[in-house]
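Dear colleague,

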Amino acid sequence: MTTYKTLALAAVLSIGLAQSFAFAQADDDDDDAKAAPEPKAAMQAKPPAITRGSKNVPELILGSKDDEFTVNQKDFELVAGQGYRWKITSAAGLEYKFVTDLFRNVWMNQIVINDLEVHMDGGPAWLEFDSPGTINVQFTAVRPGKYTWSVPDLADKGMKGTITIK
């Protein structure tokens, strides 16, 4: 019986001591006044949170009625781990061969052309526009890095850009 009483007393005392240390830490407010400044990396903007749903990449429009060699946006920023939908549109009458090394560094979901879906096990070598229209590419960015896109024969006329995955 005395062994039982000794164990019970030891248990009660250990719980009491553990709680007193916890309360002592809660009352210790002087650490905040002497806190070290945050490193520069922590103060920089953090990338947007990854969501379950796919996000839209700003549409890329190749050419226009007034200028066959213009593009509406050259550089794009994505976040690794995020799913995306990207509309790539040909708005002029030229034939455009859209090439990017991005497709070899993402998980391809599907390509949609006029509500017809193409599901692949790997990325396409390129997208070709023989006439005006839109191709929707759905993918998940998986490998951080800086990738390029271009219309190879027209890159010297400004039809090129970058895609950065952070």
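To begin with the strands, S1 and strand S3 (residues 83-90) are paired in the parallel sense through 6 bridges. Strands here are DSSP runs (E, at least two residues), numbered from the N terminus, and two strands pair if DSSP finds at least two bridges between them. Within this pairing, Lys55 stands opposite Tyr84 in S3.

Please note that this is a predicted model, in which local features need pLDDT of at least 70 and side-chain atom pairs count only at pLDDT 80 or more, while totals for chains, interfaces and linings use all residues. Residues are numbered from 1 along each chain as its sequence is written, and side-chain values use heavy atoms, with hydrogens and water left out.

S1 and S3 belong to an open sheet of 5 strands, ordered S1-S3-S8-S5-S6, with mixed pairing. Its edge strands, each pairing on one side only, are strand S1 (55-62) and strand S6 (116-118). On average, neighbouring strands of this sheet are turned by 20° against each other, direction ignored; the axes behind this angle are lines fitted to C-alpha atoms, and angles run from 0 to 180 degrees between N-to-C directions.

Another open sheet is formed by 5 strands in the order S2-S10-S9-S4-S7, and here too the pairing is mixed. Strand S2 (75-78) and strand S7 (127-129) are the edge strands, each pairing on one side only. Strand S4 (residues 96-100) and S7 run antiparallel and are joined by 3 bridges, and Phe98 stands opposite Leu127 in S7.

I would also draw your attention to Thr89, found in strand S3. This residue is buried, with a relative accessible area of 11%; buried means under 20% relative accessible area, exposed over 50% and partly exposed in between (1.4 Å probe, protein chains only). The side chain of Thr89 makes polar contacts with the side chains of Glu59, at 2.4 Å, and Thr134, at 2.9 Å. A polar contact is a pair of N or O atoms within 3.5 Å; within protein, one must be able to donate a hydrogen and the other to accept it, and residues adjacent in sequence count only if both atoms are side-chain atoms. Leaving aside residues up to four places away in sequence, Thr89 touches (heavy atoms within 4.5 Å) Glu59, Leu60, Ile61, Leu62, Phe129, Gly133 and Thr134.

Turning to the aromatic rings, the count comes to 5 aromatic pairs. Rings of Phe, Tyr and Trp (its six-membered ring) pair if their centres lie within 6.5 Å; planes under 30 degrees apart count as stacked, over 60 as edge-to-face and the rest as tilted. Tyr84 and Phe139 form a tilted pair, 5.9 Å centre to centre with 35° between the planes. This pair links distant parts of the chain, with Tyr84 in strand S3 and Phe139 in strand S8, 55 residues apart. Both Tyr84 and Phe139 are buried. The pair of Phe98 and Phe103 is tilted because the ring centres are 6.4 Å apart and the planes stand at 55°. Phe98 is buried at 0% relative accessible area, and Phe103 is buried at 1%. Phe76, Trp86, Phe98, Phe103 and Trp149 form one aromatic cluster.

Finally, the largest nonpolar core has 32 residues, of which Leu60, Leu62, Trp86, Ile88, Phe98, Val137 and Phe139 touch the most other members. Strand S8 (residues 133-141) supplies the largest share of this core, 4 residues. Such a core is a set of buried Ala, Val, Leu, Ile, Met, Phe, Trp, Tyr and Cys residues joined through side-chain atoms within 4.5 Å.

With kind regards
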